[in-house]
Amino acid sequence: DLLINIGFIRLGGSSLFSNGNGNFILSPGISEGKHLKYWFDVREANLAKIGSNAKAWVFLRIVPDLFALFAMERMQRHMNPKTQELRKNSGIVYGFHCVLDKSCNRIVVAAKNDRSATFDCELLNRAQAQGALIALSQT
């Protein structure tokens with residue numbers, strides 16, 4: 001609802017949103033899964049919709065009430081044949097694990113098949129996320 005409220009439109013049934021000004025946001029929802037780990041996948045099909053010249057970000061919605069926002073290029077550096085999987089129903093996907101460190105308000109994102117391919121960013125509460133999205137939508 002944060003994305004919709006500031007003018008982004010969901011593209012089909014995917015987790016991809018656009019505001020019509022060339023800004024794209026991939027927004028997977030993630031929650032603690034098996035073995036108490038957080039993870040999400042990025043489908044090649046969504047990357048193809050974005051294209052290579054667009055301004056693109058990833059907005060993680062972390063259940064129940066945290067968020068993370070970062071430039072797509074930070075993640076794309078770790079998307080390569082080593083980190084991709086071919087799935088019957090999804091095509092090519094790139095998997096990522098996340099480790100939340102609430103004590104210092106950070107999230108570490110690591111490519112599923114290459115744990116050396118990591119980066120981190122700030123965890124946001126709802127108000128911080130809304131402010132960051134509004135600022136981003138005005139660029």
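Which residues touch the most other members of the largest nonpolar core?

## The cores

In this predicted model, local features need pLDDT of at least 70 and side-chain atom pairs count only at pLDDT 80 or more, while totals for chains, interfaces and linings use all residues. Residues are numbered from 1 along each chain as its sequence is written, and side-chain values use heavy atoms, with hydrogens and water left out.

To answer the opening question: Phe40, Leu60, Ile62, Met75, Phe96, Cys98 and Ile107 touch the most other members of the 30-residue core. A nonpolar core here is a set of buried Ala, Val, Leu, Ile, Met, Phe, Trp, Tyr and Cys residues joined through side-chain atoms within 4.5 Å; buried means under 20% relative accessible area, exposed over 50%, and partly exposed in between (1.4 Å probe, protein chains only). Leaving aside residues up to four places away in sequence, Phe40 touches Pro28, Ile30, Leu60, Met75, Tyr94, Gly95, Phe96, Cys98 and Val109, where contact means heavy atoms within 4.5 Å. There is also a second, separate core of 13 residues, with Leu3, Phe17, Trp57 and Leu133 among them.

Strand 6 covers residues 55–62, and six of its eight residues are buried. Helices (H or I, at least four residues) and strands (E, at least two) are DSSP runs, numbered from the N terminus; two strands pair if DSSP finds at least two bridges between them.

Let's take the parallel partners to begin with. Strand 3 (residues 23–26) is joined to strand 6 by four bridges, and Phe24 has Ala56 as its bridge partner there. Strand 4 (residues 29–30) also runs parallel to strand 6, with two bridges, and Gly29 stands opposite Arg61.

Strand 7 runs antiparallel to strand 6, and six bridges join them. Trp57 has Ala71 in strand 7 as its bridge partner, and three residues lie between the two strands of this hairpin.

## Aromatic pairs

How many aromatic pairs does a search of the whole structure find? The search finds three, counting rings of Phe, Tyr and Trp (its six-membered ring) with centres within 6.5 Å; planes under 30 degrees apart count as stacked, over 60 as edge-to-face and the rest as tilted. One of them is the stacked pair of Phe59 and Phe67, at 5.3 Å centre to centre with 5 degrees between the planes. Both Phe59 and Phe67 are buried.

Phe70 and Phe119 have ring centres 5.0 Å apart and planes at 70 degrees, so this pair is edge-to-face. Phe70 belongs to strand 7 (residues 66–71) and Phe119 to strand 11 (residues 114–122), so the pair ties together parts 49 residues apart in sequence. Phe70 is buried at 4% relative accessible area, and Phe119 is buried at 8%.
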